[in-house]
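Here is a friendly walk through one protein model, a few places at a time. Keep the viewer open and follow along as you read.

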Amino acid sequence: MIMDQSEPALPGDGILARLLKYGEKIFGLCSELRAVRDGRVKPRIPAGRAALLYVILMLARLGSLNALEQRKAPAAWAKWLGGPVPSADMMGDVTVTMNREQLRATLHRMHRLAKRNKGFGRDKDGLRRLILDGHEGVASYRRTWKDCLQRMVHFDKGDRTQSYFRYVGAYLTNGKEVFLLDAEAQLPGEGEIACAMRLLERLFKKCPRAFDVVCGDNAYMDPKLWQLVRSRKKHLIAVLKNENRDLLADARSLFNGMTPVVWEDEKVKRLCWDLNGFTTWPQCGEPVRVVRSLETSTVKRQKDKKTETLESEWFWVTNLPPRLAPTKTIVQAGHGRWDIENHGFNELCNQWHGDHAYRHNANALLVCTLLLFIAYNLFHTFIERNLKPQVRAGRTNKYWADLIAAEFITAFSPMSASP
């Protein structure tokens with residue numbers, strides 16, 4: 001990709017500047033963010049400058065617009081940004097009407113360019129998995145906003161109404177690399193599946209070749225969602241639990257007379273049963289395949305240093321034929337569904353301040369989530385594909401995050417106190 005000649009030169013050669021230069025060179029990211037628009041008429045501060053600063057704020061892990069407001073951009077950075085750092089109120093106001101479809105298009109484009117640059121290939125079984133899951137990002141008993149979700153929470157001293165923001169995230173993985181592809185806000189009065197179906201419709205339209213298999217928990221054993229995915233010639237893997245009693249009971253009875261396949265993986269011994277052609281779930285509209293995994297592992301407790309044996313049982317339902325995905329692939333993909341929790345939501349909340357509300361507004365909350373996805377993808381792509389293995393050896397992602405934060409704090413000096 002040819003870098004936009006109109007893009008101002010980034011000052012310095014520190015890790016933050018290198019990361020932003022990499023984003024512009026590979027994804028044209030800075031130019032894309034500058035082009036972001038909002039609904040204000042003749043704005044004094046362009047929405048693109050705010051979008052750039054949000055990504056920098058998230059990369060520096062500040063987690064606060066007030067903390068950003070206290071920093072002053074040096075002349076070289078102000079020239080690159082197109083002006084000084086706006087106030088916290090202005091930064092919040094911009095997101096209220098910022099165009100979220102432009103941010104989604106940027107995420108989809110980043111994924112296409114990552115694939116074009118020989119990244120994000122298929123796993124060893126030739127599959128790319130899209131993991132869907134709902135996440136509650138913000139909750140408050142004191143603040144409410146238009147189109148927020150609400151629920152009644154019961155306490156000993158009485159009931160309280162809680163307002164919250166929830167979205168369904170789309171997380172791509174091939175077993176090695178990860179990418180946060182899109183997010184859709186859950187609307188008042190609708191469930192997670194209706195929100196996920198709206199998200200899937202957009203992904204089928206905008207990036208239909210990004211994934212082959214859709215993975216989810218037991219909630220995604222929904223006939224309408226299943227039929228939607230099958231109509232686009234994709235496959236599904238979902239957790240099978242007691243809610244689907246007929247199918248689960250049928251699978252258990254048939255597995256009892258079969259000899260399991262046994263293998264050990266990462267100190268876990270697995271006994272697996274795999275059978276295709278179940279018709280006990282007629283709402284799906286086709287025969288399905290059920291895989292069972294009985295897993296045994298040992299752990300050493302820190303408190304008393306004693307070794308304890310743990311057992312767990314898992315069932316998955318899928319329409320992937322055995323010729324495309326053997327038993328081991330289904331088990332690994334089924335457990336891989338937790339990646340969106342461990343390497344997605346948990347990391348975003350614990351390390352990226354993903355549960356912080358920069359502005360209590362429905363559009364602002366979704367816009368900030370999409371900007372966070374952009375920052376997350378840029379950071380991980382840069383670390384994994386730009387830094388050499390010798391440089392990464394022995395250094396965690398937090399090490400590089402601390403370097404980025406240190407460069408930002410050093411470059412953006414504190415505002416001088418008023419007399």
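## L371 and the nonpolar core

In this predicted model, L371 is in contact with L33, A51, Y54, V55, M58, M98 and L103, once its neighbours within four places in sequence are set aside. L371 also belongs to the largest nonpolar core, which has 135 residues. Within that core, L371 is one of the five residues that touch the most other members, alongside L59, L130, L132 and L200. Helix α13, residues 362-385, supplies the largest share of the core, with 15 residues.

## V96 on helix α6

Next, have a look at V96, which is found in helix α6, spanning residues 88-97. Its relative accessible area is 26%, so V96 counts as partly exposed, because that value falls between the 20% and 50% cut-offs. Beyond its neighbours within four places in sequence, V96 is in contact with R359, N361, N363 and A364.

Is H235 buried or exposed? With a relative accessibility of 16%, H235 counts as buried, because the value is under 20%. H235 is found in strand β7, which covers residues 235-239.

The side chain of H235 is joined to that of N319 by a polar contact of 3.4 Å. Leaving aside neighbours within four places in sequence, the residues in contact with H235 are D212, V213, V214, V229, R230, N319, L320, P321 and L324.

## The largest pocket

How much space lies in the largest pocket? The volume is about 740 Å³. Its lining has 30 residues, and those that lie nearest the centre are R129, G175, D265, E266 and Q332. The elements giving two or more residues to this lining are β4 (158-173), β9 (268-278), β10 (288-300), α11 (327-336) and α12 (339-352).

Which element gives the most to the lining? That is α11, with seven residues. By type, the lining divides into 13 charged, 11 polar and six nonpolar residues.

Not counting residues up to four places away in sequence, V153 touches Y141, G158, D159, R160 and Q162.

## Two loop residues with positive phi

Most residues other than glycine have a negative phi. K42 is not a glycine, yet it has a positive phi of about 50 degrees. You will find K42 in the loop between α2 (29-34) and α3 (47-59). K42 counts as exposed because its relative accessibility is 79%, which is over 50%.

D147 is likewise not a glycine, and its phi is positive, at about 65 degrees. D147 lies in the loop between β2 (129-140) and β3 (149-155). Here the relative accessibility is 46%, so D147 counts as partly exposed.

How values were computed:
Residues numbered from 1 in each chain as written. Predicted model: local features only at pLDDT ≥ 70, side-chain atom pairs only at ≥ 80, totals over all residues. Heavy atoms only, no water. Helix = DSSP H or I, 4+ residues; strand = E, 2+ residues; numbered from the N terminus. Buried < 20%, exposed > 50% of the residue type's maximum accessible area, 1.4 Å probe, protein only. Core = buried A, V, L, I, M, F, W, Y, C linked by side-chain atoms within 4.5 Å. Contact = heavy atoms within 4.5 Å. Polar contact = N/O pair within 3.5 Å; in protein donor to acceptor, adjacent residues only side chain to side chain. 1 Å grid on protein atoms, 1.4 Å probe; cavity = no way out; pocket = protein on both sides within 12 Å on 5 of 7 lines; lining within 4 Å. Points joined across faces, edges and corners; volume = space filled by probe spheres on them. Nonpolar A, V, L, I, M, F, W, Y, C, P; charged D, E, K, R; others polar.
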